[in-house]
Amino acid sequence: MPKVNTQSEDRFIDDLLRPTSLKDYIGQEKIKKSLKIILGAAKKRNEPSDHLLFYGQPGLGKTTLATIVAKEMGANLRTVSGPNLSKIGDLAAILSNLESNDIIFIDEAHRMNRAVEEMLYGAIDNRKINLSVGKGPSSRLIAMELQPFTLVSATTRINLLSHPLRSRFGATFRIDYYENKDIALIIQRSAEILNCRASQSAIEKIVKASRFTPRIANRLLKRARDVAEVKNSDLIGDNIVVETFEMLGIDELGLEFHDRNLLEIIIKQFKGGPVGINALSAASGEEKGVIETVYEPYLTKIGFLQRTPSGRMATKEAREWLDR
């Protein structure tokens, strides 16, 4: 089995494991069905696809879907991160260099500068952008025509996207946590690509700790593969997975130190809750946004945390798990 020694090699493997077609994409059946219709109709009309917005937790496949949209449409994909669009000129440079039917993918769209976002409105509505030429009293606006294009955006915080921007997408898709059966299929597919073998029980353990997220499932598989190689084992078995979890500092449910610490703070310092997000943020040393977007969704999904009008509460199941 090939060795993974650097982050660049790890990123290469991530790209290798990424599906490149709707046919190869596992899970999210409703989204795939809708995309087949939208993209198929656009290809029949020989037009760009309508603008698309994907939102959901990190690691669920938003970037992968954007890549697949481009592949299915036979279009060039231009990728940019929202935080990198800090100036109008940044977006203008990208839009003015688009070729006909190109797809521009803006990741972390909720972090775009508001002035940049407003420039997008004209690009989406009229395929035009207004540029200021010159300075002072002699400056003037010129309208630049754009080539037909498709905007695909992704965000983990759709509530932070303005309504004017959200309303301009032809279709908005919420990517939810994956079902265990789909995660198992993803692990099996990845194992085949990586040319490694894993027992069924080992796969089940990885599934259980994957937090219903393909990116995490693949990361656990890659690290288990590393452990198996160091141990000179041709099979990723239960013992290899257990050692991998210990190395990564996670338990059987994929809970990391920060997850457990958050629950323990609620239970011990706030007597199980309810506790407000501001107090919880101060006690844990974590930013509110991190608690809300990184920890809470999974802890809520597995029934360890409840969000009530009065604040966050740790459940009986959480207490029992931590007391094991």
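In this predicted model, F54 is buried, with a relative accessible area of 0%, and F173 is likewise buried, at 9%. The structure holds 4 aromatic pairs, and one of them joins these two phenylalanines: the ring centres of F54 and F173 are 5.8 Å apart and the planes meet at 25°, so the pair is stacked. The partners come from distant parts of the chain, since F54 belongs to strand β1 (residues 52–56) and F173 to strand β7 (residues 171–175), 119 residues apart.

F212 and Y298 form another aromatic pair, here tilted, with 5.9 Å from centre to centre and 55° between the planes. F212 is located in the loop between α8 (200–209) and α9 (214–230), whereas Y298 is part of helix α13 (residues 288–301), so the pair ties together parts that are 86 residues apart in sequence. Together with Y177, the residues F212 and Y298 make up one aromatic cluster.

| Charged residue | Ring | Distance to ring centre |
|---|---|---|
| K301 | F212 | 5.5 Å |
| R324 | W321 | 3.5 Å |

When neighbours within four places in sequence are left aside, I236 is in contact with C196, R197, A198, S199, A202, L221, A224, R225, A228 and V241. In soluble globular proteins, nonpolar side chains tend to be buried together.

The helix α8 has A202, I203, I206, V207 and A209 as its buried residues. Their cover includes α7 (180–193), β8 (197–198), α9, β9 (235–236) and α10 (238–248).

H51 has its place in the loop between α2 (29–44) and β1, and the residue is buried, with a relative accessible area of 9%. A polar atom of the H51 side chain lies 2.8 Å from the backbone nitrogen of L151. Leaving aside neighbours within four places in sequence, H51 is in contact with I124, F149, T150, L151, R168, F169, G170 and A171.

Several backbone features remain to be described. Most residues other than glycine have a negative phi, and most peptide bonds are trans. Just after α8, however, R211 takes a positive phi of about 60°, and F212, found in the loop between α8 and α9, has a positive phi of about 60° although it is not a glycine. K271, which is not a glycine either, has a positive phi of about 55°; this residue sits in the loop between α11 and α12 and is exposed, with a relative accessible area of 73%. P274 is found in the loop between α11 (257–269) and α12 (277–284), and the peptide bond that leads from G273 to P274 is cis, with omega near 10°.

Conventions. Residues numbered from 1 in each chain as written. Predicted model: local features only at pLDDT ≥ 70, side-chain atom pairs only at ≥ 80, totals over all residues. Heavy atoms only, no water. Phe/Tyr/Trp six-rings, centres within 6.5 Å; stacked < 30°, edge-to-face > 60°. Helix = DSSP H or I, 4+ residues; strand = E, 2+ residues; numbered from the N terminus. Buried < 20%, exposed > 50% of the residue type's maximum accessible area, 1.4 Å probe, protein only. Lys NZ or Arg CZ within 6 Å of the ring centre and 35° of its normal. Contact = heavy atoms within 4.5 Å. Polar contact = N/O pair within 3.5 Å; in protein donor to acceptor, adjacent residues only side chain to side chain.
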